[in-house]
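Subject: Structure handover, aromatic contacts

Dear colleague,

I am passing on the structure we discussed, with notes on its aromatic side chains below. Please read them with the structure open.

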Amino acid sequence: MNSCNFFGKVTSGPDLSTSDNGTPVVTFELELEDFRRGAGGEKHRMLTYVMFEAWDTAAITIDKHASENCLMSIESSARSEDTPDHTDTYFRVNKFKILS
């Protein structure tokens, strides 16, 4: 099963474009925040940045209503794309909620 859930803040985008066949697609980056305890018990803030894409009506809605620094809850599936040097991993939006 390929299901990934995220909650975070939009940090870049959304950038709306159109695929070769005319379907709207939007890409954006989400900042995920996590806290870990160090060996001495101190709390450390960890940030992870993840790329997302959404298609069709989801792309249009995200482009219209999401903006930098808004919070989103996303259910997605992981995708990968091989390049000569490495593999890029990104997430395809299946469901989402814009929270602010």
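Phe6, Phe28, Phe52 and Phe91 are joined into a cluster by ring pairs. Please keep in mind that the model is predicted. Over the whole structure, the search returns four aromatic pairs.

One of these is Phe6 with Phe52: the ring centres are 5.4 Å apart and the planes stand at 80°, so the pair is edge-to-face. Phe6 belongs to strand 1 (residues 4-18) and Phe52 to strand 3 (residues 43-55), so this pair ties together parts that are 46 residues apart in sequence. Phe6 has a relative accessible area of 16%, which is under the 20% limit, so it counts as buried. For Phe52 the relative accessible area is 2%, so Phe52 is buried as well.

Phe52 also forms an aromatic pair with Phe91. Here the distance is 5.8 Å centre to centre and the angle between the planes is 40°, a tilted arrangement. Phe91 is in strand 5 (residues 87-98) and Phe52 in strand 3, so the pair ties together parts that are 39 residues apart in sequence. Phe91, like Phe52, is buried.

A further item concerns a charge over a ring. Lys43 lies over the face of Phe35, at 5.0 Å from the ring centre.

Regards

Note on methods: Residues numbered from 1 in each chain as written. Predicted model: local features only at pLDDT ≥ 70, side-chain atom pairs only at ≥ 80, totals over all residues. Heavy atoms only, no water. Phe/Tyr/Trp six-rings, centres within 6.5 Å; stacked < 30°, edge-to-face > 60°. Helix = DSSP H or I, 4+ residues; strand = E, 2+ residues; numbered from the N terminus. Buried < 20%, exposed > 50% of the residue type's maximum accessible area, 1.4 Å probe, protein only. Lys NZ or Arg CZ within 6 Å of the ring centre and 35° of its normal.
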